[in-house]
Structures are given as C-alpha cells and as structure tokens.
Amino acid sequence: MHAIPDSLGTQSAVVLPLNYGTAYVALYRTGPIEPGMRLFLHAAAGGVGLAVIDLARRAGLEIVGAASSHFKRERLQSEGVKHVVDSRRAHVDRVARDLYGRNGGFDIIIDSVGGRTISQGIRALRPGGRLVSCGVATLSKRGILGALGLLFSTPRIDPFRMLARSRGFYGVHLGQLMRDPVLVREVLDELIRLADAKEIHPEPGRVMQLAEAATAHHLLERRRNVGKIVLRV
Ligand SMILES: NC(=O)c1ccc[n+]([C@@H]2O[C@H](COP(=O)([O-])OP(=O)(O)OC[C@H]3O[C@@H](n4cnc5c(N)ncnc54)[C@H](OP(=O)(O)O)[C@@H]3O)[C@@H](O)[C@H]2O)c1
C-alpha cells in the first residue's frame, strides 16, 4: 500500500504503477542507461510508450518512436521524439540502417508488439545493445490463428549468436516482478519521488466516465487511444 502524495493527484497516480512501472523496469532494470544512448520504441503513443518517452527524455536518450497513425505521430513529435516512423511500414532493422548506417544500431529496443519485430529488433541492435520484450500486442483479437501466426513468426533465440554479436534479450513481466515486495516498493518510491520533483509528468491520455466504458474499449481495440484511458467511477 502506497500513500498518494497530494502533489500527484489520483489520475496521475493511476498511471504510475502499470505504465511507468513497466517503463521504468524495462529501461532501468535491464542494463545500462546513459545519455545519448539510442532507443527504439514500438507502440510509442500507447500508455506504456508515453511513460517510456517521459523517462527516456529525462535520461537523455535519443528516442526513435513508431506509431500507426498520423495523429499519434504528431503527438510523438510534440513529445520531443527525435525520429518518428510509421509502424505499419517501417521495420526496425531498416530504420537502424537508414539512420545509423550498416554498422550502427540501437542500444535499447522496447518491444510490446512481438513476432517478427523481435527478429528485426535483434538485427537492429548495436553490439552491447539489448532488446526488451514486454508484450505481444500482435496476439490481440486474432484468435487461435493469430496465436499460431505469432508462434511461427517469433524467433527462437540462439544464445551462441547473441554471444557472438554481443547482444541481449530481456523479458519483462510486471506480474512476475510484482511478487517481489522490495522491488515494488523501490520502483514506486522512485517514481513517486520523480513525479513529486516534476522530473516526470505522469498523466492519463484521456479521462472518461464509467458509463463510456464501451466507447473506451472501442478506442483501445481500434488503436485510437493516445496514452492510457482512465475511467472515472
Ligand atoms: N510486460 C508487462 O509487464 C506489461 C505491462 C503493461 C503492459 N504490457 C503490454 O504492453 C503493451 C502496451 O501496453 P499499453 O498499456 O501501452 O497499451 P495501449 O495504450 O493500448 O497501446 C498499445 C498499442 O500497441 C500498438 N500495436 C501494435 N501492434 C498492434 C496490434 N497488432 N494490435 C493492437 N495494438 C498494436 C498500437 O499502437 P499503434 O497503433 O501506434 O501501432 C496500440 O495503440 C500491451 O501489449 C500490454 O499488454 C506489458
């Protein structure tokens, strides 16, 4: 149980544990994070995506973000994302080559899409880089065929290749990590401290009434949300 500081407010506090918690662990608990490092972020305009951007901006990372619609990409630009790409067209390995040349690449890739983006992402890492997998959005609403497609399009990670190329793969599942009360307290304390000091700015993307829950689900299913949708009870 954590008290919400007055400075934070309930709506901002709602965004902290899941969105910022996932973002924080994905960035800070999986390896080094230093100013100037290059980050590629899938689903950058989602709830977790905007939290990653907020934390990564503070850490001085160079952010490349992907989103599917013009509206979302405009928002990413206004958030200071250096390069914004269309997720329906751009492949992360090609983006890395276009931006940084054949021998360049990303230091951190945060992937919540899954399937092919994992193999593309591993190719897009520079030596010492890591891909952090934190979700499989590809799985949504495609039933058993979608699940099979995901299974076949997900690469089998070869430890020898990862070793030879000095690249890392990291899975983050908050459900597992939250079983560790010490970690939960550390992460929440740090996020509350940062929010209190106005170093991060947790805000819901949209607040709707509980009676609008069906519309909220519709927005999520159609990928029209920017940030987290909070329902007011
Ligand atoms: N590992 C963990 O502990 C943890 C914790 C929280 C959330 N998650 C996962 O992280 C992901 C993002 O969470 P969120 O809260 O940011 O969700 P969100 O706000 O709903 O954003 C999800 C975004 O994923 C993108 N996406 C890409 N391919 C998709 C597809 N095939 N179907 C649907 N969406 C697709 C969409 O953005 P575009 O339209 O711009 O592509 C969508 O808006 C989810 O998969 C969630 O389950 C994991």
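This is a predicted model: local features need pLDDT of at least 70, side-chain atom pairs count only at pLDDT 80 or more; totals for chains, interfaces and linings use all residues.
Local features are given only where pLDDT is at least 70, and side-chain atom pairs count only at pLDDT 80 or more, while totals for chains, interfaces and linings use all residues. Residues are numbered from 1 along each chain as its sequence is written. Helices (H or I, at least four residues) and strands (E, at least two) are DSSP runs, numbered from the N terminus.

**The sheet**

- An open sheet of 6 strands has the order E3-E2-E1-E4-E5-E6, and the pairing in it is parallel; two strands are said to pair if DSSP finds at least two bridges between them.
- Strand E3 (83–86) and strand E6 (168–171) stand at the edges with a single partner strand each, so one side of each has no neighbour in the sheet.
- Neighbouring strands of this sheet are turned by 15° against each other on average, direction ignored, where the axes are lines fitted to C-alpha atoms (for helices over the stretch in contact) and angles run from 0 to 180 degrees between N-to-C directions.
- Strand E1 is joined to strand E2 (residues 62–67) by 4 bridges, and the two run parallel; Leu39 stands opposite Ile63 in E2.
- E1 also pairs with E4 in the parallel sense, over 3 bridges, and here Leu41 stands opposite Ile110 in E4.
- E4 is in turn joined to strand E5 (residues 125–133) by 5 bridges, again running parallel, and the bridge partner of Ile109 in E5 is Leu131.

**Buried and open parts**

- A residue is called buried if 20 or more other C-beta atoms lie within 10 Å of its own, exposed if 12 or fewer do, and partly exposed in between, with C-beta atoms placed from the backbone.
- In strand E4 (residues 106–111), 6 of the 6 residues are buried, so this strand is largely enclosed by the rest of the structure.
- Leaving aside neighbours within four places in sequence, Leu41 is in contact with Gly49, Val52, Ile53, Ile63, Val64, Gly65, Ala66 and Ile110, where contact asks for C-beta atoms, placed from the backbone, within 7 Å.

**The ligand shell**

- The ligand is surrounded by 26 residues, the closest being Ala43, Gly46, Ser68, Gly135 and Leu174; a residue is near a molecule or strand if its C-beta atom, placed from the backbone, lies within 6 Å of it.
- Helix H1 (10–28) and helix H2 (47–59) each supply at least two residues of this shell.
- By class, the shell has 11 nonpolar, 13 polar and 2 charged residues; Ala, Val, Leu, Ile, Met, Phe, Trp, Tyr, Cys and Pro count as nonpolar, Asp, Glu, Lys and Arg as charged, and the others, Gly among them, as polar.
- Ala43 is found in the loop between strand E1 (38–41) and H2, and it counts as buried because it has 25 C-beta neighbours inside 10 Å.
- Phi of Ala43 is near 45°, a positive value in a residue other than glycine.

**Other single residues**

- Lys198, in the loop between helix H9 (181–196) and strand E7 (206–209), also has a positive phi, near 60°, but is exposed, with 8 other C-beta atoms within 10 Å.
- Arg73 lies in helix H3 (residues 70–78) and is buried, with 20 other C-beta atoms within 10 Å.
- Leaving aside neighbours within four places in sequence, Arg73 is in contact with Ala67, Val84 and Asp86.
- Val207, found in strand E7, counts as partly exposed, with 15 C-beta neighbours inside 10 Å.
- Val207 and Ile229 are 22 residues apart in sequence, and their C-alpha atoms are 5.8 Å apart in space.

How values were computed: Two residues are in contact if their C-beta atoms, placed from the backbone, lie within 7 Å.
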